[in-house]
Amino acid sequence: MSPDEPGRPLAASNSRVKAARKLARRSERAEQQLFLADGAKAVEGALSVDGCVVELFATTTAVGQYADLLAAADVTLVDDRAMAGLSDSVNPAGVVAVCRFVDVPLSSLAGRAESTPALWVICADVRDPGNAGTVIRTADAAGADAVVLAGSSVDAYNPKTVRATVGSLFHLPIVVEPDPVAAIEAARAAGLTVLATTGGGSVDLYDADLSGPTAWLFGNEAHGLPPELVALADHQVAIPIHGRAESLNLSTAAAICLYSSARAHRS
């Protein structure tokens, strides 16, 4: 088997591992337009996107454990110490991919709104990487057409965000849009009804008409949606609280809303 034959593990040089490790920093990711996908599910998702994976690192143990996944890939072997430096997981799975950015421009979603009916998620200033990743994963599971990380939301390629998506980052269009107003306007221009989630919403989730094309608008974990964004929504929707809890976690609220839409769309 020749060194260039697909599937043949090659030993990594220190310089290649060091270069990949730098992608833990947001500034380096932005400059290189590359990020790390850590774990078998993330790598599986990355490999499903043509041209996404630039380099694939794995330990000898992982090559055996994930033989089917890595069979057709060019794998660069690293030892456990190097893998620990590439992964931010407490217990690294032993496989990490260097990937090209996968986000798409906001304008590209216009054609996707033709699905019947469309379902978008717009996150405005969502800061927690675990929440952002979980929302992306939930949107994927609910059959949403796109997720927009708007305003000063967490970096889509933060290692914790990527890991929390469990591969869903590669399954549906992700948009990084600095202007949340532009995201809302794009949704409305595409014919979607924009629903803002607020504690004091005038429409109860149980009573909301979710049968049509919808864009759910979620705000910051601590402060919610600013008034100027709420004012741009078509309706304000409140999730009923039946017990004594003050509120719901952002990703939990998103799951309830998205699955309510998914159920309505499939009725």
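His265 is buried, at a relative accessible area of 15% (buried means under 20%, exposed over 50% and partly exposed in between, with a 1.4 Å probe and protein chains only). A word on where this comes from: the model is predicted, with local features needing pLDDT of at least 70 and side-chain atom pairs counting only at pLDDT 80 or more, while totals for chains, interfaces and linings use all residues. Residues are numbered from 1 along each chain as its sequence is written, and side-chain values use heavy atoms, with hydrogens and water left out.

His265 sits in helix H12, residues 250–265 (helices are DSSP runs of H or I with at least four residues, numbered from the N terminus). Skip the neighbours within four places in sequence, and His265 is in contact with Pro117, Ala118, Leu119, Leu210, Ser211, Gly212 and Thr214 (contact means heavy atoms within 4.5 Å).

Gly133 belongs to helix H8.

| Residue | Relative accessible area |
|---|---|
| His265 | 15% |
| Gly133 | 0% |

Not counting residues up to four places away in sequence, Gly133 touches Thr161, Ala164 and Thr165.

Now for how the two helices meet. H8 (residues 129–142) packs against H12 at about 15°, with 9 Å between the axes (axes are lines fitted to C-alpha atoms over the stretch in contact, and angles run from 0 to 180 degrees between N-to-C directions). That makes H8 roughly parallel to H12, the label for angles under 35 degrees. The H8 side of the contact is Asn131, Thr134, Val135, Thr138, Ala139, Ala141 and Ala142, and these meet Leu250, Ser251, Ala254, Ala255, Leu258, Tyr259 and Ala262 in H12. By class, that contact has ten nonpolar, four polar and no charged residues (Ala, Val, Leu, Ile, Met, Phe, Trp, Tyr, Cys and Pro count as nonpolar, Asp, Glu, Lys and Arg as charged, and the others, Gly among them, as polar).

On to the cores. The largest nonpolar core has 52 residues, and Val121, Leu169, Phe170 and Trp216 have the most contacts inside it (a core is a set of buried Ala, Val, Leu, Ile, Met, Phe, Trp, Tyr and Cys residues joined through side-chain atoms within 4.5 Å). H12 gives the most to this core, with six residues. Another core, of 23 residues, lies apart from it and includes Val175, Ala183, Ile184 and Val230.

Key
Parallel < 35°, antiparallel > 145°, perpendicular 65-115°, else oblique.
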